[in-house]
Amino acid sequence: MSRMQKEPTIGFVSLGCPKATVDSELILTRLRAEGYRISGSYDGADLVVVNTCGFIDAAVEESLDAIGEALAENGKVIVTGCLGAREEVVRAAHPQVLAVTGPHAAQEVMNAVHAQLPPAHEPFIDLVPPQGIRITPQHYAYLKISEGCNHRCSFCIIPSLRGDLVSRPIAEVMLEAEKLAQAGVKELLVISQDTSAYGVDVKYRTGFVNGRPLKTRLLELARALGELGIWIRLHYVYPYPSVDALIPLMAEGKILPYLDVPFQHASPRILKLMKRPASSENNLERIRAWRAICPDLTIRSTFITGFPGETEAEFEALLDFLEEAQLDRVGAFAYSPVEGASANELPGALPAEVREARRQQLMEFQEDISTRRLEAKIGRRLQVLVEEVDEEGAVARSQGDAPEIDGLVHVTDGQELAVGEFAMVEITDCDVHDLYARVAPGQ
């Protein structure tokens, strides 16, 4: 019998946000390190692990459907992730699952796997690369710097699923980042539930990175990451005053001129009902100040329409904010009454059709703004990171485009470019979401 046949095999399904992706990568790394084979299909798998999402109702349904499919196709299923924190929901729908664990529970998942399928490890042969097993392409990776959140936004149940803020030691974060860079990763996407709050829970205590003292704080982390010589992109950055100190790093080219800031609304009353941090800040003034320092700054944000009690005037104020802010990328969600969220008890619940109509109106309104922002780039030379190459050209991303959620740069004559490499292009055209370009002379 060959060694491949002897290896216990795990099927893996990963749903949800980039934070869940990082959890999946950690579990996969642990599994591979112990000699388990990873399968991309149900066929031939001895059991299946499903990493779930449970943030909104649609995600719960998707996760339950994925669990049901895995059970139907394989029969042996371990559930982890955010929906796993609501074990009663999982077991009510699928009582036959083998085990249920919550998010960031790699050891609990390993324990459940061991109980069903003991490892057959050959330590001198089963090698795992230093950067671990990753789901993302070889040229970019997510870097999770903390777990949980100290805020109690009324529409969100993440703290009840993932707990309070726990920042990773800065030395541990930098070691992972260095290994990823050495493995050829060209872009690190820094993620957490509240990236701006990194280090708050440990009072910004000093760690040591390569013998150098470094505070556990986002500014110091961003500076250190900026020395790796690759793209560093910041996600989920709450607009605290401390964020202002990051903008000069972007203007100097140390980290990408990109901020993913979840503003969620513009009405002071609605923000207060949402219990949003920094709700009293003058966000328009802050955006103007950021762009004065770094004119090339790309700002992405998300908003909720139809929050309980939202008046037509407050929704119009949100549209006015968008016109003033001139954000580059915007996502919107119609308010979803997530089970366990305190916002569900607020008066003035709006009909689902009103919530959705406002979402559509906001996105249509933003389309013109986003298009104008892209049109301003026509004629410019931009550095891009190549994602795909075929006979029709190349597909890439600019510094203003995060993977999966933002736009793309279509390089019409990029057949000779290489996936995972940087290139200089000239922007020739755009549509609502994407840019079109040709390879810059001398590339």
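Modeller: First, the terms for elements: helices (H or I, at least four residues) and strands (E, at least two) are DSSP runs, numbered from the N terminus. Residues are numbered from 1 along each chain as its sequence is written. The model is predicted, so local features need pLDDT of at least 70 and side-chain atom pairs pLDDT 80 or more, while totals for chains, interfaces and linings use all residues, and side-chain values use heavy atoms, without hydrogens or water.

Now the site. The unreviewed UniProt entry lists Cys149, Cys153 and Cys156 under "binding site". UniProt positions are given in the numbering used here, feature names are shortened, and annotations may be inferred rather than shown by experiment.

Take Cys149. It sits in the loop between strand S7 (146-147) and helix H6 (158-162). Its relative accessible area is 4%, so Cys149 is buried. Buried means under 20% relative accessible area, exposed over 50%, partly exposed in between (1.4 Å probe, protein chains only). Leaving out residues up to four places away in sequence, Cys149 touches Pro159, Gly163, Asp164, Leu165, Gln193 and Asp194. Contact here means heavy atoms within 4.5 Å.

Cys156 lies in the loop between S7 and H6. With 19% relative accessibility, Cys156 counts as buried. Beyond residues up to four places away in sequence, Cys156 touches Phe55 and Ala341.

Next, the charged pairs. The structure holds 25 salt bridges. The criterion is a side-chain nitrogen of Lys or Arg within 4 Å of a carboxyl oxygen of Asp or Glu.

Start with Lys144 and Asp23. Their closest N and O atoms are 2.6 Å apart. This pair links distant parts of the chain: Lys144 is in strand S6 (residues 140-144), Asp23 in helix H2, and 121 residues separate them. Both Lys144 and Asp23 are buried.

Arg86 pairs with Glu339, with 2.8 Å between the closest N and O atoms. This pair also joins distant parts of the chain, 253 residues apart: Arg86 in the loop between S4 and helix H4 (87-93), Glu339 in the loop between strand S15 (329-334) and helix H13 (352-375). Arg86 is buried, at 10% relative accessible area.

Glu426 and Arg438 form a salt bridge at 3.5 Å, N to O. They are 12 residues apart, Glu426 in strand S19 (residues 422-430) and Arg438 in strand S20 (residues 435-439). Arg438 has a relative accessible area of 42%, so it is partly exposed. Salt bridges also link Glu187, Arg233, Glu387 and Arg397 in a network.

Glu388 belongs to strand S16 (residues 381-390). Past its neighbours within four places in sequence, Glu388 contacts Gly393, Ala394, Val395 and Val419. Glu388 and Ala418 are 30 residues apart in sequence, yet 7.9 Å apart from C-alpha to C-alpha.

Last, helix H5 (residues 106-116). Its buried residues are Ala106, Val109, Met110, Ala112 and Val113. Seen down the H5 axis, they fall within an arc of 160 degrees, so they line one face of the helix. The arc is that of the directions from the helix axis to the C-beta atoms. An α-helix has 3.6 residues a turn, so residues three or four places apart point the same way. The cover over the buried residues of H5 includes strand S1 (9-14), helix H2 (18-33), strand S3 (47-52), strand S4 (77-81) and strand S5 (99-100). Helix H2 is also where Asp23 sits.
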